[in-house]
Each structure stands twice: as structure tokens, then as C-alpha cells.
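Morning, everyone. Let me put the model on the screen, and then we go through its pockets and helices.

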Amino acid sequence: MVQYRRNFVAGGTYFFTVALHDRKKDLLVSHIDLLRVAIRDTRQARPFQIDAMVVLPEHLHAVWTLPPGDVDYAQRWRSIKSHFSRALANAGAPVSLGENGEYNVWQPRYWEHTIRDDRDLEHHVAYIHYNPVKHRHAANAIEWPHSSFHRFVRNGVLPNDWGGSDQEDLQHGYGE
């Protein structure tokens with residue numbers, strides 16, 4: 001069996017890709033309010049900063065920064081995943097139990113990358129914001145509603161016409 005090694009940097013900034021178990025379902029966007037509550041409740045219990053994020057039908061990408069001295073992103077993802085899974089089941093969504101007795105909503109693992117510097121951060125944030133265009137969910141980044149791209153536009157960091165389908169594709173090769 002492969003030994004997974006995570007890089008833990010106290011107060012670090014990390015890029016994540018987290019996917020549903022069944023990549024044909026659209027549970028993340030069809031139940032976006034339940035996902036928002038799971039994230040909000042987790043952040044209240046164990047604070048972290050969401051630097052950038054996009055939620056697509058069957059996977060999401062995020063860049064988080066943890067508080068100084070904190071390395072425990074794994075517990076935060078566990079909390080978000082379990083909270084969302086229970087909420088789906090309580091809402092009557094078609095979720096099944098796996099052999100381990102847990103809901104079969106999420107893939108058991110996720111992709112994590114420690115952000116090394118400002119350039120690496122910029123690269124991953126661009127990847128996140130362009131992802132709905134890459135997957136043909138939108139013709140432009142501004143058209144996808146479940147993205148921190150809108151906050152970047154509101155704050156004057158990016159223009160609202162950034163990331164159109166005529167733009168050169170951002171081939172980064174991470175996480176999917």
C-alpha cells in the first residue's frame with residue numbers, strides 16, 4: 001500500500017482538491033447551501049482563512065491559510081465532509097452507506113499542496129478561478145456563481161472579464 005505523506009507547515013497556506021465519491025453526481029452545487037453550512041460551522045469551531053475557492057458539481061478546489069502554529073487541515077476536512085454527508089442524508093438526498101458504516105459521499109482522500117511562495121499562490125488561485133471554464137461549466141470565470149472569483153473582482157484584484165474561454169488554457173496539472 002502506498003504511504004501518503006502530508007506536508008504540515010504551522011500556519012501554512014495549502015491548495016486542496018476534494019472530490020465526490022461518484023464523480024457523475026452534482027451534489028456539491030445542487031446542495032451548495034448545505035456545503036456552505038458545513039464550511040461555516042467548521043470554521044467557527046476551528047478557524048482558517050479561505051484565500052480562494054471554487055465549487056464545481058463533483059469536486060472543489062480551495063486555498064486555505066491556517067492560524068499561526070496550527071497544522072491540522074486534515075481534521076477540518078474531516079469535519080466538513082462528515083457535516084455535509086450527514087446534512088445530505090438528513091435532507092433525503094440519495095446517499096448510501098459504505099462497508100465502513102460511513103456515508104459514501106466523498107472520495108476518502110484529497111489532494112494537498114503546500115503553497116511555497118507568492119508566485120505559487122498566484123498560480124493556484126488562477127487555476128481555481130479558471131477551473132469552471134476549463135471544465136466547460138461556464139464560458140467566463142465571472143459566469144460561475146460558486147467561486148471566490150467574484151470577491152477578487154469586488155476587491156479590484158481581477159477584472160470581471162478575466163478568464164474567458166478565448167484565454168490561453170491554464171495547464172497546471174494539479175489534483176484532478
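How do the residues of the lining of the second largest pocket divide into nonpolar, polar and charged? Eight are nonpolar, four polar and five charged. Here Ala, Val, Leu, Ile, Met, Phe, Trp, Tyr, Cys and Pro count as nonpolar, Asp, Glu, Lys and Arg as charged, and the others, Gly among them, as polar.

A word on the source. This is a predicted model: local features need pLDDT of at least 70, side-chain atom pairs count only at pLDDT 80 or more, and totals for chains, interfaces and linings use all residues. Residues are numbered from 1 along each chain as its sequence is written, and side-chain values use heavy atoms, with hydrogens and water left out.

Stay with that second largest pocket. It holds about 340 Å³ of space. A pocket is an open set of points on a 1 Å grid over the protein atoms alone, where a 1.4 Å probe fits, with protein on both sides within 12 Å along at least five of seven lines; lining residues have an atom within 4 Å of a point. Points are joined across faces, edges and corners, and the volume is the space filled by probe spheres set on them. The lining has 17 residues. Nearest the centre are Arg36, Met53, Val55, Ser147 and Ser148. Helix H2 (32-45), strand E2 (49-55) and helix H5 (149-154) each supply at least two lining residues. H2 gives the largest share, six residues. Helices (H or I, at least four residues) and strands (E, at least two) are DSSP runs, numbered from the N terminus.

Now the largest pocket. Its volume is about 630 Å³. Of its 20 lining residues, Lys81, Glu102, Trp106, Gln107 and Pro108 are the closest to the centre. By class, the lining has seven nonpolar, seven polar and six charged residues.

Next, H2 itself. Its 14 residues should span 20 Å at 1.5 Å a residue, and its end C-alpha atoms are 20 Å apart, which agrees. The expected span is 1.5 Å times one less than the number of residues. Which residues of H2 are buried? Ile32, Leu35, Ala38, Ile39 and Thr42. Buried means under 20% relative accessible area, exposed over 50%, partly exposed in between, with a 1.4 Å probe and protein chains only. Down the axis of H2, the buried residues fall within an arc of 120°, so they line one face. That arc is taken from the directions from the helix axis to the C-beta atoms. On the other side, Asp33, Gln44 and Ala45 are exposed. Asp33 comes in at 53% relative accessibility. The cover over the buried residues of H2 includes H1, E2, E3 and H3, with contact meaning heavy atoms within 4.5 Å.

On to helix H3, residues 73-90. Its 18 residues should span 26 Å, and the end C-alpha atoms are 26 Å apart, so the two agree. Its buried residues include Tyr73, Trp77, Lys81 and Phe84. Seen down the axis of H3, the buried residues fall within an arc of 165°, so they line one face too. Lys81 also belongs to the group closest to the centre of the largest pocket.

Last, two arginines. Arg136 sits in the loop between helix H4 (118-134) and H5. Its phi is positive, about 60°, although it is not a glycine. Arg136 is exposed, at 77% relative accessible area. Arg154 is in H5, and is exposed at 64%.
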